[in-house]
Each structure stands twice: as C-alpha cells, then as structure tokens.
Amino acid sequence: GPCTECSCSSGKEADKDPRHTKKKENGDQLCVPKIFFGTRTHKQITQISRELKRTAYSCVPMTILSSRDYTCIHPVVSNSSNRNEMCVELLEGKHGKSCSYYHGVHKLIEQHSLQPVYQAWDIEDLVSLGRKLRACPYFAARELMVGADIVFCPYNYLLDPQIRDSMDINLKDQVVILDEAHNIEDCARESVSYGVTESQLRAAREELELMVSNSIRQEHHEPLRAVCCSLI
C-alpha cells in the first residue's frame, strides 16, 4: 500500500520546494530523495509509465525528460534537422523572434491532468496537452522535475556530464534505478565518443595548414595538423 513518506499516502501534491524536504520530529530537515529511473530508449519509458499506472504509486508526482526530437511542437523548429540550435536561437531572440510555446510553459504545468491526483502519464500525453495549450512540453517536463518524486529519462541523461549539467540534474543523495543495466557500458562509451568522416578530417587539415602557413598560433595548430594527417 501507499507509504508514509511520499505524497501518495495523502493523495496531495508534493512539496514544490526545490530542496524537496520534510521536517523531522526534532525540527531538522529530512531530504526526501528523488528516484531517477534510466532506460535505454524513449519507447521503454512509455512502457514503464504504463506499468506505473497499475501500482499504488500511480498518482505520485513524476516527469519524463526527453529530447526536443520527441517533445518540440514548434511548427518550424520541430521539422528542422538542428532542433537544438534553432530552439536556442529563438530563446535568445537572435533574429528578433521568440518562441510563444516556451512562454506558455506555465499553462502546461498548472494543468490538473499533470498533477498527482491523476494517474501517471507518458510523453505522448504531455505532447498532446502541449499542442492543445500551445505550450512547450520540453521545458514543461524540466520544470516538473522540481516537484517530482520520480524522474524517467534515457541512460545518457544520467551518465553524460554535459547533459546532466544542461538539464540541471543533481544525483547527489538521490536514488538511481537503471533498467536493463547490461546496456550501460555501450551507453557510457557513446557518451565519450565522437565520430568524424575522412572528408571532415581533410577539410580540417586544409584549414590548419592555412593557419600554419600564415604563422597563426603555430605552436597549437601544427600538432593538430599532425593528428589529422596521421588519422587520414
């Protein structure tokens, strides 16, 4: 049955305080950890959220962190091949334009269908509601992480330090569950790997040769040119 430490015991919404704390009997602060549930694919998150609905914890505050590929609903950005860059440009207003969907995030967060009195939801539910309210599901999911007891996300959100920083994920004193953990090694390798083509290496070598021939920071560019030549 429902436990006594989380919001499912009372059916009420979890404390929205970012520290997510409760009072001990002696007056000290007791930190209630979040559960970060990592999966290999986004599709598996949908399956797990479906299983969560069948448990006594189906009304516990939750969120799902996913990429813009799955949650961006901007008509131009969502059809672009570089969604991340275009999204950042809109938010920074580089071309005198902004994203109206981003400014509507609060409407999505305040919707009762995402509150813990309702059942667990998946990415499709969030995106569908975002389209209806013209509000960004990507940033809404990140905002919901503040008050969530359970956070679902792909492995790399937990393993890749750059993604952790960009998503404001702090795993200190939290609970981490990894589904199908035998896939972790491959994911860890991918997080610290980078692929380049031969044409990219040749283009880089040409640019570095131009730098060296014009005596531009030769002490830095000559070693890089040598690396490109050896790889080619």
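A disulfide is a pair of cysteine sulfur atoms within 2.5 Å. I began my notes with that cut-off, since cysteines were my opening topic.

**Entry 1: the model and its cysteines**

I noted that this is a predicted model, in which local features need pLDDT of at least 70 and side-chain atom pairs count only at pLDDT 80 or more, while totals for chains, interfaces and linings use all residues. Residues are numbered from 1 along each chain as its sequence is written, and side-chain values use heavy atoms, with hydrogens and water left out.

How many disulfides does a search of the whole structure find? I recorded 0. Cysteine 228 is in no disulfide, and the nearest cysteine sulfur, that of cysteine 229, lies 6.9 Å away. I then looked up accessibility, where buried means under 20% relative accessible area, exposed over 50%, and partly exposed in between (1.4 Å probe, protein chains only). Cysteine 228 has a relative accessible area of 10%, and is therefore buried. Cysteine 187 has 11% relative accessibility, so it also counts as buried.

**Entry 2: the chain as a whole**

I counted 11 helices and 6 strands in the secondary structure of the chain. Helices (H or I, at least four residues) and strands (E, at least two) are DSSP runs, numbered from the N terminus. The chain has 232 residues, and buried residues make up 38% of them. For contacts I used heavy atoms within 4.5 Å. Among contacts between residues at least 6 apart in sequence, 70% join residues at least 24 apart.

**Entry 3: the core**

A nonpolar core is a set of buried Ala, Val, Leu, Ile, Met, Phe, Trp, Tyr and Cys residues joined through side-chain atoms within 4.5 Å. The largest such core has 42 residues. Which residues have the most contacts inside it? I listed Met62, Ile64, Leu65, Leu108, Phe152 and Ile169. I followed up phenylalanine 152: leaving aside neighbours within four places in sequence, it is in contact with Phe37, Ile45, Ile48, Leu52, Met62, Thr63, Ile64 and Leu65.

In helix H1 (residues 42-52), I found His42, Gln44, Ile45, Thr46, Ile48, Ser49 and Leu52 to be buried. The buried residues of H1 pack against strands S3 (35-39), S4 (62-64) and S5 (150-154), and against helices H2 (68-71) and H5 (123-133).

Helix H6 (residues 137-144) is largely enclosed by the rest of the structure, because 7 of its 8 residues are buried. I wrote these down as Pro137, Tyr138, Phe139, Ala140, Ala141, Arg142 and Leu144. Their packing partners are S4, H2, H3, H4, H5 and helix H8 (161-166).

**Entry 4: helices H10 and H11**

Helix H10 (residues 198-213) and helix H11 (residues 218-231) pack at an angle of about 150 degrees, and their axes are 9 Å apart. Axes are lines fitted to C-alpha atoms, for helices over the stretch in contact, and angles run from 0 to 180 degrees between N-to-C directions. Angles under 35 degrees count as roughly parallel, over 145 as roughly antiparallel, 65 to 115 as roughly perpendicular and the rest as oblique. H10 and H11 are therefore roughly antiparallel to each other. On the H10 side, the residues in contact include Leu201, Ala204 and Leu208, and on the H11 side they include His221, Leu224 and Cys228.

**Entry 5: loop residues**

Is serine 66 buried or exposed? I found it buried, with a relative accessible area of 3%. Serine 66 is in the loop between S4 and H2. Not counting residues up to four places away in sequence, serine 66 touches His42, Thr71, Ile123, Tyr138 and Tyr157.

Serine 98 sits in the loop between helix H3 (83-92) and helix H4 (105-109). Its relative accessible area is 43%, so serine 98 is partly exposed. With residues up to four places away in sequence left out, serine 98 touches Leu90 and His103.

Arginine 54, in the loop between H1 and S4, is exposed, with a relative accessible area of 66%. Its C-alpha atom is separated by 9.1 Å from that of alanine 120, 66 residues apart along the chain.

Finally I checked backbone angles. Most residues other than glycine have a negative phi. Aspartate 168 is not a glycine, yet has a positive phi of about 60 degrees. Aspartate 173 likewise has a positive phi, of about 65 degrees.
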